[in-house]
Amino acid sequence: MKVSGTRDFDAAPQAVWDVLNDPSELAGLLPGVEHFEIQDERNWTATVKVPLGLGGLKLKFSFEKTEEQPIERAELSANGKGIGAVISMDTAFDLAPNGDGTSMDWAADVRVLGQIGAMGQRVLQPIVNQQVEQVLAALDERVQARAAG
Amino acid sequence: MSTTATEKVTLERGRYQGESVPRKEDRRLLEGQGSFVDDIRRHAMGYVHFVRSPYAHASILSIDVGPALELEGVFGTLTGGEVAIATDPFFQIASPPGAHVKDYALAVGKVRYAGEPVVAVVAATRELARDAADVVEVDYEPLPVLVDARAARNDDAPVLHDDAGGNLSWEGVYEWGDLDQAFAEADRVVKIDELHFDRFNSTPLECDGALVEYDRGTEQWTIHSNNQFPGFAAIMMGPAMRVGLDRLRFVSQDIGGGFGNKITSHPQLVALCLLARKLKRPVQWTEWRTDFHQSMSHGNERWFHDVEVAVKADGTLLGFRCKALDDAGAFLRYEPLGGVIWAQVTPGLYRWQHVKVEFTQVMTNKAPVSPNRGYSRMQHLWLTERIIDIVASQLELDPVEIRKLNYIKTDEMPYTTPNGCVYDSGDYGRCLDIALELVGADTVDARRRDAEARGKLLGLGIGSTLDSGTNNFAQSRFINPELQFSGNNEVATVKLDIFGEVVVTLGTTPQGQGHETTAAQVVADTIGCTHEMVTVRAGHDSYWNSHAGFSGTYASQFAVTGLSAVKGAADQLADQMRRLAAVVLGTTPDGIVLAGGMATRADNPDAALPFMALGAIINANNAGLPPETEDITLNARYVYRPPFDVPDIEKKYGNLTLTYSTQIHACVVEIDRETGEVEIVDYAAVDDCGTRIHPQIVEGQVHGATAHAIGAALWETFHYDDDGQLLTANFYDYHVPHALDMPPIKTGSIESPSPFTPLGTKGMGEGGGGGIHCVCSAIQDALAGAGGAVVTDSHNPAERVWKMLQDPEASRAVVHVAST
């Protein structure tokens, strides 16, 4: 499923960029992260527990930064495996100055395979939307913190 | 609900045939005493759960079952690697290239659809087996996915089976008559660029399952399953497992619906057989609903391209030609038989003399297809019905009149179709009249105006179908001339036991069709007793000696093959009973009357023997019987073989099925202009299946088939995303109509007995296609008043209807009319 949107930040593009490109910051953005490990500057792994209905789905994710145009654009791919589910995700972030702040166009293509995928988009779409909202809220918080020094 | 009176029956019947006597099966089923496969338990048995592929197409890089085996209570596992050593690939029906497909019980080296079984895990409980399956580690390398059959033969299409050299499973050209002449004579040629018959199945309440035991002493497997065609399963499994067929004993009692979907469970059954032998314990498997949807038995999805219809100005249909593209899914479990089965009803109900179909079947990364209620004929009959309505709308002809003009007439029966099939009997026009009367077709104009005032669009639709029953399996040679199948058969035994019990065994595998009841009716009428006196053993056991190569319950044939076998065996028993009574009572066999459970001298009613006496004499008191009684066993076995010849394989010409039931459905729908939601406000199903042994059972099947059809027309679809993930893998997303969704159904019937069958019966129960056709027809009729969209898909949920309302031009653009 494809999700996209625009988010405005009260901070310069550099501050947003710094958060998005710092793996340790990124780890703090993702909800349900239980373990995060940096392999190198382009590759990370994480164990994430995704809330799903009455229980949680634990997934091992590997992340790769696939494109980087400093303070303008980044692309990231992630592949996660868990019991009964495989998730792959391609995301892109485009940053542009917006007055004193930054406007970020973002897009993600999330593919859920296996039994969980078979639950259908009607069930998964709200979950993905909720996760994205949490990520963006956390990002806003981290950007504000970094901008404040 | 209402029922019209049955028209005059032309054949003599006995006392019970034609009566809706209480069903023998119902007591145990209503009291919860049925025995379904999941009810069967064995000491120390293990529960099986399959690890399934999350990918639609991927190479298997490695499998680690270690984490599962470490769990306490896990008995063992089975992988594709083990299967490839212990078995050979399943026999393929197809000629090349499909013949080169290698299909095993579990994935070997590669997965080809999401949900494909990769590993089987056995544990002490069902829950533990499921948990253990979750910790089996399978490493995949994803491959590009093919979902759209129309792209299967593109140069850049991913190839599912490298051994087959591409995604083509089978292709063939069917051509009968003289198409050039037909199109030269035509006043109009109607062209339709593309029609699509959607993927769904007639979902049974009970999923697949089995309990398998292996006897290490005799090296025999007992397979308690709900497979509905054990004869077919055996010929698939035996060679693959490198064992003789008598080593595979198939047993079933009550089955919770089949509809063809339970024919192709042989891969899972092989896996269970291997596990039972490997683990030295019985193993039990009950499929979960999502697993069923993901991996079992979808109906054939089919595209029709470049449809051209030759028509006279008055609506006389001369011929048509088209290209059919069938999507078989990932494996050919019963396919490519769908590539010929449709030809049983080549002209539909119409007098088309010139027909050409270029048939192509391809494989895609979706669940394998299998027979599904109305198998392959439903798709083709949908095509013919769509043609009729589209031609009618384009030439501004009345859909009723164009049907009546072109229907094959009663006085033309038996009617030989352009491809050599013989329609045995029927009165299509009469059935249509009854259906139209039941839905109040004469009031439609007034109801249309009333609906319009309420913001609704109202339409009347007709669906005409044939249910061809009792296959001539020689038609498989159209697909593969090397196959050594032809004809058909079914077996029954009827015996009179020591205390006068009349006991019947069948070769069939009933799934709710009431075989015990109808068999008892036929036996009772034949040997002269009450149907209560007849015990029909419940279910199927291939060790009962009432089993032949085509035994099973499928393809609308019990009323012909099953009951003819019963009739034949009962006739033999009656003959022996007369001969024995004649010896005892001192007369000739012709002088004995069998009635009321007694064998009586016709000329002296006081000279009589109860059936119990006859049974006792042969079974326990036979000293001194004269030599002419030597062959009397009071235990008759009869194999019914329908009168078939081998068709002309080269010309694809000959009789492919023995009987043709008629179903004419009509409905009235209302469409909400704002949402596109379709409501069926009136519905009628008229059935003519020849002599009806038990009218209530027939009507029950008509109701069920109609529900399946309405579901397929409006709600049920197997929808895949671009990654090959099934998005409707549960009953939340795959909506099967329940009672509140169903409109009141009015039923009608006539009886046109088949001249070709011993009882005048015809196979029935698959007329569900009629519902799809008439709903499509009614939607198109309703949309005529709102832009005139053309219905080009068999599945029309609200969003598709809404799109047709918003952009009728888009669908109209696929239809063209040329004058010649």
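Leaving aside its neighbours within four places in sequence, which residues is Leu318(B) in contact with? Select Leu318(B) in this predicted model and display what surrounds Leu318(B): Ala182(B), Glu185(B), Ala186(B), Ala310(B), Lys312(B), Trp352(B), Gln353(B) and His354(B). Contact here means heavy atoms within 4.5 Å.

Residues are numbered from 1 along each chain as its sequence is written, and chains are lettered from A in the order in which they are written. Local features need pLDDT of at least 70 and side-chain atom pairs count only at pLDDT 80 or more, while totals for chains, interfaces and linings use all residues; side-chain values use heavy atoms, without hydrogens or water.

**Stop 1: Leu318(B)**

Leu318(B) belongs to strand S14 (residues 317–327) of chain B. Helices (H or I, at least four residues) and strands (E, at least two) are DSSP runs, numbered from the N terminus. With a relative accessible area of 13%, Leu318(B) is buried (buried is under 20% relative accessible area, exposed over 50%, partly exposed in between, with a 1.4 Å probe and protein chains only). Gln353(B) is 35 residues from Leu318(B) in sequence, yet their C-alpha atoms are 6.2 Å apart.

**Stop 2: H6(B) and H7(B)**

Next, select residues 230–241 and 266–279 of chain B, helices H6 and H7. They pack at about 45° with axes 10 Å apart, so H6(B) is oblique to H7(B). Axes are lines fitted to C-alpha atoms, for helices over the stretch in contact, and angles run from 0 to 180 degrees between N-to-C directions. Angles under 35 degrees count as roughly parallel, over 145 as roughly antiparallel, 65 to 115 as roughly perpendicular and the rest as oblique.

H6(B) brings Phe232(B), Ala233(B), Met236(B), Met237(B) and Met241(B) to the contact, and H7(B) brings His266(B), Leu269(B), Val270(B) and Cys273(B).

**Stop 3: H15(B) and H16(B)**

Move to helix H15 (residues 515–527) and helix H16 (residues 558–585) of chain B, whose axes come within 9 Å and cross at roughly 35°. Among the residues that meet are Val522(B) and Val523(B) in H15(B), and Leu563(B) and Val566(B) in H16(B).

**Stop 4: H20(B)**

Finally, select helix H20 (residues 798–806) of chain B, where Val801(B), Met804(B) and Leu805(B) are buried. Viewed down the axis of H20(B), the buried residues fall within an arc of 100°, so they line one face of the helix; the arc is that of the directions from the helix axis to the C-beta atoms. Glu799(B) and Lys803(B), on the other side of H20(B), are exposed. The buried residues of H20(B) pack against several elements of chain B, including strand S18 (456–471) and helix H19 (769–783).
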